[in-house]
Amino acid sequence: MAYFLWTMYLGLLGTASLAFLLKGKYKSKLSKVDFVVSVITWIGLLGFVTETTILTPVFWKIVTVTAFLWDISFTMLLKDYEGKEILEELPIVVRRVWMLITLVIMIGPLYYGLFRYSFS
């Protein structure tokens, strides 16, 4: 059952990002870098889910820490969420907290899997 849920999660992450790619949503250089970072982390999660050794644990330790810091900084500081109507009326602090909560819910399992894959 756990394998099925991890596979579904990996599929949902990939489908969402590929849909954004096909719709041309990755326009800025930073968003393209974010897409590349996402693809690398999916490969690590795929290794975790399938229990396959891909590259070395040291590589995945570096990827896990670097990608996590990238996602936090990209979500909280670099990516412009200010223009979204749904968040427009909220104070900036509440917006940042809301984005952090969303980040934890949406990609928390990704980093849990990457952490287990690289540090176990």
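Which pattern does the protein chain follow, read along the sequence? The answer is α-α-α-α.

## Overall fold

This is a predicted model. Its protein chain contains four helices and zero strands. The helices are α1 (2-22), α2 (29-50), α3 (57-78) and α4 (92-119).

Among contacts in the protein chain with a separation of 6 or more, 71% are between residues 24 or more positions apart.

## Burial and surface

The protein chain has 120 residues, and 33% of them count as buried. Its accessible surface is about 8200 Å². Carbon and sulfur atoms hold 74% of that surface.

## Nonpolar core

The largest nonpolar core is made up of 22 residues. Within this core, the residues with the most contacts are Tyr 9, Leu 45, Ile 107 and Leu 110. Each of the helices α1, α2, α3 and α4 supplies at least two residues of the core.

Which residues does Leu 110 touch, leaving aside its neighbours within four places in sequence? Leu 110 is in contact with Tyr 9, Leu 13, Thr 41 and Leu 45. Two of these partners, Tyr 9 and Leu 45, are also listed with Leu 110 among the core residues with the most contacts.

## Aromatic pairs

A pair of aromatic rings is described by the distance of the centres and the angle of the planes. The structure holds nine aromatic pairs. One of them joins Phe 59 and Trp 60, with 4.9 Å centre to centre and 80° between the planes. This pair counts as edge-to-face because the angle of 80° is over the cut-off of 60 degrees.

Are the two residues of this pair buried or exposed? Trp 60 has 2% relative accessibility and therefore counts as buried. Phe 59, at 34% relative accessibility, counts as partly exposed.

Ring pairs also link Trp 6, Tyr 9, Phe 48 and Tyr 112 into a cluster.

## Nonpolar surface patch

A nonpolar patch on the surface is formed by Ile 92, Val 93, Val 97, Ile 101, Ile 105 and Met 106. Together these residues have about 560 Å² of accessible area.

Ile 105, one of the patch residues, has its place in helix α4. Why does Ile 105 count as exposed? Its relative accessibility is 57%, and exposed means over 50%.

Technical notes. Residues are numbered from 1 along each chain as its sequence is written. This is a predicted model: local features need pLDDT of at least 70, side-chain atom pairs count only at pLDDT 80 or more; totals for chains, interfaces and linings use all residues. Side-chain values use heavy atoms; hydrogens and water are left out. Rings of Phe, Tyr and Trp (its six-membered ring) pair if their centres lie within 6.5 Å; planes under 30 degrees apart count as stacked, over 60 as edge-to-face and the rest as tilted. Buried means under 20% relative accessible area, exposed over 50%, partly exposed in between (1.4 Å probe, protein chains only). Contact means heavy atoms within 4.5 Å. Accessible areas come from the Shrake-Rupley method with a 1.4 Å probe; for residues, only the protein chains shown count as cover. A nonpolar core is a set of buried Ala, Val, Leu, Ile, Met, Phe, Trp, Tyr and Cys residues joined through side-chain atoms within 4.5 Å. Patches are made of residues with over 30% relative accessible area and no salt bridge: like charges are joined within 9 Å, nonpolar side chains (Val, Leu, Ile, Met, Phe, Trp, Tyr) within 5 Å. A salt bridge is a side-chain nitrogen of Lys or Arg within 4 Å of a carboxyl oxygen of Asp or Glu.
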